[in-house]
Amino acid sequence: MKVGSAARPFVKKGDWIDFRTGPFFVRLETRLPELLDPFYRFYGRAVDASAVEPFDFYVAVKPPVGLRRWFRPQVLFFLDSETPFEPFPRSHAFPLLEWGLNYAIATRAHQYCLLHSAVLERNGRALILPALPGSGKSTLCAALMHRGWRLLSDEFGMVRPETGELVPMPRVIPLKNRSIEVIRDFAPEAVLGPVFPGTRKGDVAHLAPTADSLARQHEPARPAWIVFPRFVSGAGCTLEPVADSLAFIRLSNNSFNYQLLGETAYRTLTRLVAGCERYHLEYGDLESAVVRMEALAAP
Amino acid sequence: MVFSRLTGETHLLSALPAEVLRMLTEGEKSGAELATATGALCEVTVDEDWLNGIDRILQRLEALFLVEPVD
């Protein structure tokens, strides 16, 4: 299903929008309709006109100065006064915002132990899917979400060191290349935005979080399973246990801020690994992988 | 798994080096004492090979800043 014509009943202050994503308050400065349209369609409910400073992140998506405002127009992402990325085509303003927010969180949200992973929840227990790009993490995450799992995040496993809980931040899932059609076929009810062709990660289309995921975005979850997924074209579906020491090493390598947090991250991950069942999942068929995960979570 | 507060690094140790390190957390010990204690634990004869093996483990642990010789 394509994104419908969402109304814009929300307050916009001047040239900026204040919104909440999981535990973070963000002030976004922009006037670009290419960004505002998908933004309101996906995140309209998260706009919070009552939010007050200080915000966790001050970001902007704006055209650069000079001729590139008009000739093959481009846009830049700003985090405070930093511009961490090269300019993007103006038509790719929304994917740029998404990558920019990820950059902001990965480089600044050090109150959490940050894993590069998808996280979903069922029956109060969370499934962590840590993976490298190209492993099929987002595709599996999207499929599980459309089988009733609650999405906490497709990008960040945010572990609160004090409690060991996973903190939600449900945002759009960026599906890439063939995954777009795979999810369209798997879940015809899925709400997908437009395809952005030829981005630096190939063709990208964003999948909206389910209503349940958004409604419960302030509800943390207890970790129960760590599954390292790997998509292998033509493969069957195997789920094999992973030793705790190997799981720890893979998670610490996968963390955005393990070195930075030092002993705090060590203790957090030690506790996480000890409290979870750990598996390696190799799959070539999405349906089989989903069935395996559902069996894992069966009461 | 061992985390070093000194270096901020995490080390994955196999069983024998981990046991040597654990024994040293109880207090200082010589290489010979460690060889005797680990030999008993592993039920092996403490000969020159075993002593050399423990010595190599101590050198490696020292290189990782996990142990240090006492003057």
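Modeller: Two strands pair if DSSP finds at least two bridges between them. Strands (E, at least two residues) and helices (H or I, at least four) are DSSP runs, numbered from the N terminus. This is a predicted model, where local features need pLDDT of at least 70 and side-chain atom pairs count only at pLDDT 80 or more, while totals for chains, interfaces and linings use all residues. Residues are numbered from 1 along each chain as its sequence is written, with chains lettered from A and ligands numbered from 1 in the order in which they are written.

Biologist: What makes strand 3 and strand 4 of chain A a pair?

Modeller: Strand 3 (residues 57-62) and strand 4 (residues 74-79) of chain A share 4 bridges. The rule asks for at least two, so they pair. The sense is antiparallel. Val61(A) has Phe77(A) in strand 4 as its bridge partner. Val59(A) stands opposite Leu79(A) in strand 4.

Biologist: Why do strand 4 and strand 5 of chain A count as paired?

Modeller: They are joined by 2 bridges, and at least two are required, so they pair. These strands run antiparallel. Gln74(A) faces Pro89(A) in strand 5.

Biologist: What makes strand 1 and strand 5 of chain A edge strands?

Modeller: Strand 1 (16-21) and strand 5 (88-89) each pair on one side only. The open sheet of chain A has 5 strands in the order 1-2-3-4-5, with mixed pairing.

Biologist: Which strands does helix 2 of chain A lie across?

Modeller: Helix 2 (residues 93-108) lies across strand 1, strand 3, strand 4 and strand 5 of chain A. Its angle to strand 4 is about 20°.

Biologist: Why are helix 1 and helix 2 of chain A called roughly perpendicular?

Modeller: The axes of helix 1 (residues 33-43) and helix 2 cross at roughly 65°. Roughly perpendicular covers 65 to 115 degrees. The two helices are therefore roughly perpendicular to each other. Their axes come within 7 Å.

Biologist: Which residues meet there?

Modeller: Glu34(A), Leu35(A), Pro38(A) and Phe39(A) of helix 1 meet Ala93(A), Phe94(A) and Leu97(A) of helix 2.

Biologist: Why is Pro299(A) called exposed?

Modeller: Pro299(A) has 5 C-beta neighbours inside 10 Å. Exposed means 12 or fewer, so Pro299(A) counts as exposed. Pro299(A) lies in the segment after helix 9 (286-297) of chain A. Its C-alpha atom is 49 Å from that of Asp15(A), 284 residues apart along the chain.

Biologist: What makes two residues a contact between chain A and chain B?

Modeller: Their C-beta atoms, placed from the backbone, must lie within 7 Å. By that rule, 6 residues of chain B touch 9 residues of chain A.

Methods:
Axes are lines fitted to C-alpha atoms, for helices over the stretch in contact, and angles run from 0 to 180 degrees between N-to-C directions. Angles under 35 degrees count as roughly parallel, over 145 as roughly antiparallel, 65 to 115 as roughly perpendicular and the rest as oblique. A residue is buried if 20 or more other C-beta atoms lie within 10 Å of its own, exposed if 12 or fewer, and partly exposed in between; C-beta atoms are placed from the backbone.
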